[in-house]
Amino acid sequence: MKQKEQPVEEASDASFAELMSGVKPLNQDKIEPDKSVALNDKKQRSGRRDSPHNKQLAATFSFSDMYQAALPTEGPMRYCSEGVPTHTLKQLRRGDYSPEMMLDLHGLTRELAKGEIAALIHAAQKAHIDCVSIMHGFGEGVLKAALPHYLVQHPSVKAFHQAPLEYGGQAALLVLIDIPTNKEKR
């Protein structure tokens, strides 16, 4: 037969102390972690230079679409940063520098192109490559117009010039990148 259940009101009349009389308390088995070990591990992880997060941060650079550099309106597109001899532009124009890396921006939006340009400059510096070619194409001229203004903003870009025909001509730029020496990294 089924036992008759006690009404809820009767069970709640009993005090908590009466209900818990006979229950033995548990021993505390919580072990506090050694905070110095956890802090040490965290410091080591954050200090790793090759972590994916650090690599991504190093390769990113924020280019502004609002910045408009004072670039020449006539003749080939060119730029030379302060402290770089203007003769460098002539060398770029003649093809004295040959690009060891090339980036093709065909079909990319401005936002995607900005990320690719920053990554290219970072990769070139890491590989100690001083000259790269960036192909923007002809198309509607959106990237062709924006690319020089992006490059002027990057502190590692020493100079750029419209590429000679063998490297893309009017559809590309040769970019000279500042390669930091071991002394400058410290």
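Let's start with leucine 151, which is found in helix H7. Keep in mind that this is a predicted model. Is leucine 151 buried or exposed? Its relative accessibility is 0%, so leucine 151 counts as buried, the limit being under 20%.

Now its contacts. Setting aside neighbours within four places in sequence, leucine 151 is in contact with Ile117, Ile121, Ile134, Val157, Phe160, Leu173 and Val175. Leucine 151 and phenylalanine 63 are 88 residues apart in sequence. In space, C-alpha to C-alpha, they are 8.4 Å apart.

Next, helix H7 itself. How many of its 12 residues are buried? The count is 9, so H7 is largely enclosed by the rest of the structure. The buried ones are Leu143, Ala146, Leu147, Pro148, His149, Tyr150, Leu151, Val152 and Gln153. What do they pack against? Strand E1 (78–80), H6, E3, E4 and E5. A check on the length of H7: at 1.5 Å a residue, its 12 residues should span 16 Å. The end C-alpha atoms of H7 are 18 Å apart, which agrees.

On to the core. The largest nonpolar core has 25 residues. Which of them touch the most other members? Leu105, Ile117, Ile134, Leu151, Phe160 and Val175. The elements that give two or more residues to this core are helix H6 (110–126), strand E3 (131–135), helix H7 (142–153), strand E4 (157–162) and strand E5 (172–177). There is also a second, separate core of 9 residues. Leu89, Leu92, Ala159 and Ala172 are among them.

Two residues to look at now. Take phenylalanine 160. Not counting residues up to four places away in sequence, phenylalanine 160 touches Leu71, Met77, Arg78, Tyr79, Leu89, Leu92, Pro148, Leu151, Val152, Leu173, Leu174 and Val175. Then histidine 161, in strand E4. Histidine 161 has a relative accessible area of 4%, so this residue is buried. Beyond its neighbours within four places in sequence, histidine 161 is in contact with Pro76, Met77, Arg78, Leu89, Leu92, Arg93, Leu173 and Leu174.

Last stop, the surface. Which residues make the nonpolar patch of about 440 Å²? Phe16, Leu19, Met20 and Val23. Find methionine 20 in the loop between helix H2 (16–19) and helix H3 (35–46). Methionine 20 counts as partly exposed because its relative accessibility is 38%.

Key
Residues are numbered from 1 along each chain as its sequence is written. This is a predicted model: local features need pLDDT of at least 70, side-chain atom pairs count only at pLDDT 80 or more; totals for chains, interfaces and linings use all residues. Side-chain values use heavy atoms; hydrogens and water are left out. Patches are made of residues with over 30% relative accessible area and no salt bridge: like charges are joined within 9 Å, nonpolar side chains (Val, Leu, Ile, Met, Phe, Trp, Tyr) within 5 Å. Accessible areas come from the Shrake-Rupley method with a 1.4 Å probe; for residues, only the protein chains shown count as cover. A salt bridge is a side-chain nitrogen of Lys or Arg within 4 Å of a carboxyl oxygen of Asp or Glu. Helices (H or I, at least four residues) and strands (E, at least two) are DSSP runs, numbered from the N terminus. Buried means under 20% relative accessible area, exposed over 50%, partly exposed in between (1.4 Å probe, protein chains only). A nonpolar core is a set of buried Ala, Val, Leu, Ile, Met, Phe, Trp, Tyr and Cys residues joined through side-chain atoms within 4.5 Å. Contact means heavy atoms within 4.5 Å. The expected span of a helix is 1.5 Å times one less than its number of residues.
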